[in-house]
Amino acid sequence: MHRLFIGYNIILSLILAATALYQEPVNHGHWNELRDTLNSSYKQKTGPPLVIDTFQNPTHNDLGFWHGSGENLSVQHGPGFIRLLPRDPDQNFHTQFDCNTCYSLMPWYNDFLHVVFEGTDQFSVSLNQHNDECNPQRSPFPSVADTIQAERYVVHPASERSRDGDWDEKDDDDYDDNDDMDLDTPGNQNDKHGRHHQNGRRRKHAKPSARIPLGRRDLYVPLNHFEIDFDRVVSVSFHGFFTEEPMSLHRVEIVSDVPQPSQENGHFRLPGKLPSGRLVLRCSRPNSFAFGIDDGQPRFSQRLMRILDEEGVRVTFFVVGAGLRDRSTNFTAFYKEMLKKGHQIALHSNTHPKMESLPTVGQIDDEIIQTIQVFEDQLGIESSYFRPPFGTVAARLRQQLARHIANPYIVNWSVDVEDWLWANSSAPEKQLEAFYRGVAKGGNLAVMHYLNPTTIGYLPQFIQHVKSAGYQIMRIDQCLEDVSAPPL
């Protein structure tokens, strides 16, 4: 079952009400990411920085807007820093440009995000985008985001290298990367299977004992490595922690120059932008609505099929590979039948772990490769659509999906039935309330499961509510206007 996903309007009310000198972490849902391939150019010029946050205040940043943590991330605030104590990749800290309206970063599009931090570099950084209406009461909020992997952009001074001697090559579990390449070097290519390869030599990485050095460090990210609408920016966020090592933030700003390579900074060079999966939370086709149905129980499959047939709708199923391998489930026969009926079958990992929490990219790769293989073997299909287990996604998963799948869609949601919360409770009807609430806020891409009879029992009401609101129900690839989708 997927993770807790709470609407961002809850955060907004907390922001507006915050008057205390210290704010406890709020459980406001994870930040999501979107990214396609972009080239950037190495630029040197001078100009005043846009200082976003120097962490002088526990509740707001230097721009006067809220900053804080989510998903119960523990934080410790001190003079001029915030210390993050992560335990889960969904946990996050974000600092806002604005919340009630869209903030334009277009004047800084060719500049650089500069972060001064201390501690682990095993995390992701996102720029988060507002929705089309620039209205935090509409869903989804935030709309999309784009993400980079922090360690690729960190300046490694000579003193850090000398602490542990020479650096080792990355092991076979890690990805190839073009950190040692000039930014204008052509090199990002996909082979005929969509698996990503890069020209140039592999980056050398520090030995494990040197990955968390003492003292402050800097990272510099070209803003145009984030592919979002720069006229609709909400915030910068830090998330995707896959170790429990602490990290302290000292400064977040936008600057117009980066350090020139030198012996003192370990001959720092900006890395190239890695291909990344595109994350979506809503349909783009006008007046469309899509159901993304995740994990299920075999004993409910025929009842689910009958409802979809009676209602005359097509949906998208996100299928775990291990279930297809288990002959006792009869899932292979069920999903073959759903394919014949015109439904979309898409990827949902091999064993359903929280993939961003896996310690190596090799393990992330294995989850992706195994589910691709079982789709080919058992169903005879390929898919470029993937729903992350628990909705958890950060830079590593997005990058690895782009290595193995050409132009992958990473599909989360803007309407949550909340069956994970209410289906087995004394108030299962709250699933209806959650669904109606999500649709009323503008959501048009739903997540649900067929794990419980109450959820399946409410499915006809979900469908009728959407139809009565004037939406046409279709597969996710159709609602995203994918040219490879079957016609309506």
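Of the 488 residues of the protein, 58% count as buried. The model is a predicted one. It holds 11 helices and 24 strands.

**Overall fold**

- Among contacts in the protein with a separation of 6 or more, 81% join residues 24 or more positions apart.

**Helices α3 and α5**

- Two packed helices are described by the angle between their axes and the distance between the axes.
- Helix α3 spans residues 301–311 and helix α5 spans residues 331–340; their axes come within 11 Å and cross at roughly 5°.
- Because angles under 35 degrees count as roughly parallel, α3 is roughly parallel to α5.
- On the α3 side, the contact is made by Ser301, Gln302, Met305 and Leu308, which meet Phe334, Glu337 and Met338 in α5.
- By class, this contact of α3 with α5 comprises four nonpolar residues, two polar residues and one charged residue.

**Asn265, a buried loop residue**

- Asn265 is located in the loop that runs between β15 (247–255) and β16 (278–280).
- With a relative accessible area of 9%, Asn265 is buried, because buried means under 20% relative accessible area.
- A polar atom of the Asn265 side chain lies 2.9 Å from the backbone nitrogen of Ser262.
- The side chain of Asn265 also reaches the backbone nitrogen of Phe268, at 2.9 Å.
- Leaving aside residues up to four places away in sequence, Asn265 touches Val155, His156, Pro157 and Ala158, as well as Pro259 and Gln260.

**Pro107, an exposed loop residue**

- Pro107 is found in the loop between β5 (92–96) and β6 (112–119).
- The relative accessibility of Pro107 is 63%, so this residue counts as exposed, the cut-off for exposed being over 50%.
- Pro107 and Asp231 are 124 residues apart in sequence, while the C-alpha to C-alpha distance between them is 9.6 Å.

**The two loop residues side by side**

- Asn265 is buried at 9% relative accessible area, whereas Pro107 is exposed at 63% relative accessibility.
- Asn265 belongs to the loop between β15 and β16, and Pro107 belongs to the loop between β5 and β6.

Methods: Residues numbered from 1 in each chain as written. Predicted model: local features only at pLDDT ≥ 70, side-chain atom pairs only at ≥ 80, totals over all residues. Heavy atoms only, no water. Axes fitted to C-alpha atoms, helices over the stretch in contact; angles between N-to-C directions. Helix = DSSP H or I, 4+ residues; strand = E, 2+ residues; numbered from the N terminus. Parallel < 35°, antiparallel > 145°, perpendicular 65-115°, else oblique. Contact = heavy atoms within 4.5 Å. Nonpolar A, V, L, I, M, F, W, Y, C, P; charged D, E, K, R; others polar. Buried < 20%, exposed > 50% of the residue type's maximum accessible area, 1.4 Å probe, protein only. Polar contact = N/O pair within 3.5 Å; in protein donor to acceptor, adjacent residues only side chain to side chain.
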